[in-house]
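Visitor: I would like to learn how to read a model of this kind, feature by feature. Could you take me through it slowly?

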Amino acid sequence: MIKTLGDVLRTAAQSRPLVMAVAAAQDEAVLTAVHLAAEHGLVKPLLVGDKTGIIHIAQKAGIELELGDVIDVPDKESACMKAAELVRDKKADVLMKGMVDTGLIMRAVLDKENNLRKSPVISHVAVMQVPGFDRLFYVTDSAMNIAPTLEQKAAILKNAVEVAHALENEMPRAAVLCAVEKVTPKMPCTLDAKELARQNKQGDIPGCLVDGPLALDNAVSIEAAKHKGVDSPVAGRADILLVPDIEAGNMLNKAMEYFAGADKAGVMMGAKVPIILTSRAASPQSKLYSIALGVLIASKTKELF
């Protein structure tokens, strides 16, 4: 089982480089991350966007480009459509968001002609390496679905399980997080948690162990679980942390990074290929980890076909 983001990077680099289409690549941070990924042997980039801008930014930053790998599409919405078309036509294995709003690239992914949807729900999975823990955490969904329904939470869980499986965690433990660990009608997320655990037991959410409701402390700390009398194969040992809504997920994700000093990678799941989204505030190393994560997932998916 892969337990560190460094191991994600090393494992991804063992496969042949995958072709990565970058939508609206005219951004120094994006080009730097893509250049690092290419140097590590992870990707062969196809840079879609304003060719003049891409070349200018690359020269200013000292980044060498293969000009044949730059596809000139100055309009950002059109660049997203072109990048998605490259994936659709099997000319690219991975898709990355460049200097463009997430909504534009998702519109291209969901376009009926591109037909890139695989799951009923596309969701974000943040893979976090937190100091003091012996495993990676999969926080979902902290970037895409605002207030997911029960059915959407089930799909979000399945997307996260796919990521965990790609990282060789064959039976990840998933905690459905709430503010408390007891079911109460006054807190609808606890009702969802109980139902998701039931669905998992009857085989509707396979490939993992699901329990909830669990509060964050007794989801990740064995001592806290024992102290509160929470007896569960997931309690204290959770890998996947399913949050109730985007606010909780966003704050948990950023608290892990800024308060706990966690390293992180992130990917959108639910499309036919992983979609790599990196925050402008993310470090170059975090961006590199995100590309490595996407490449590793895509490599595992290609092995199945």
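**Reading helix α4 and its surroundings**

Guide: In this predicted model, the buried residues of α4 pack against β1 (18-23), β2 (43-49), β3 (70-72), β4 (94-97) and α5 (102-110).

Visitor: Which residues of α4 are the buried ones?

Guide: The buried residues of α4 are Ala79, Cys80, Ala83, Ala84, Leu86 and Val87. They cover an arc of only 150 degrees around the axis, and therefore lie on the same side of α4.

Visitor: What caps the N-terminal end of α4, and which residue just after α4 takes a positive phi?

Guide: At the N-terminal end the cap is Asp75, which has a side-chain oxygen 3.3 Å from the backbone nitrogen of Glu77. Just after α4, Lys90 takes a positive phi of about 60 degrees.

Visitor: Where else is there a positive phi in a residue other than glycine?

Guide: One case is Ala24, whose phi is near 60 degrees; Ala24 sits in the loop between β1 and α2 (28-39), and with a relative accessibility of 0% it counts as buried. Another is Glu168, not a glycine either, with a positive phi of about 70 degrees. Glu168 belongs to the loop between α6 and β7 and, at a relative accessible area of 37%, is partly exposed.

Visitor: Which residues are joined by a cis peptide bond?

Guide: The angle to inspect is omega. For the bond that joins Thr140 and Asp141, omega is about 0 degrees, and the bond is cis; Asp141 is placed in the loop between β6 (136-140) and α6. A cis peptide bond also joins Gly212 and Pro213, with omega about 5 degrees, and Pro213 is in strand β8 (residues 209-214).

Visitor: How many disulfides does the structure hold?

Guide: The count is zero. Cys178 is in no disulfide, its nearest cysteine sulfur being that of Cys189, 3.0 Å away, and Cys189 is likewise in no disulfide, with the sulfur of Cys178 as its nearest, 3.0 Å away. The cut-off matters here, because a disulfide is counted when the sulfur atoms are within 2.5 Å. Cys178 counts as buried at 10% relative accessibility, and Cys189 counts as buried at 15%.

Visitor: Is Asn159 buried or exposed, by its relative accessible area?

Guide: Asn159 is buried, since its relative accessible area is 3%, and its place is in helix α6 (residues 150-166). Not counting residues up to four places away in sequence, Asn159 touches Ser119, Val121, Ile122, Ser123, Val125, Met269 and Gly270.

Visitor: What is Met171 in contact with, leaving aside its neighbours within four places in sequence?

Guide: Leaving those neighbours aside, Met171 is in contact with Gly207, Cys208 and Leu209. Met171 lies in the loop between α6 and β7 (173-177) and, at 42% relative accessibility, counts as partly exposed. Sequence separation and spatial separation can be read side by side: Met171 and Ile105 are 66 residues apart in sequence, and their C-alpha atoms are 32 Å apart in space.

Technical notes: Residues are numbered from 1 along each chain as its sequence is written. This is a predicted model: local features need pLDDT of at least 70, side-chain atom pairs count only at pLDDT 80 or more; totals for chains, interfaces and linings use all residues. Side-chain values use heavy atoms; hydrogens and water are left out. Buried means under 20% relative accessible area, exposed over 50%, partly exposed in between (1.4 Å probe, protein chains only). Helices (H or I, at least four residues) and strands (E, at least two) are DSSP runs, numbered from the N terminus. The arc is that of the directions from the helix axis to the C-beta atoms. Contact means heavy atoms within 4.5 Å. A polar contact is a pair of N or O atoms within 3.5 Å; within protein, one must be able to donate a hydrogen and the other to accept it, and residues adjacent in sequence count only if both atoms are side-chain atoms.
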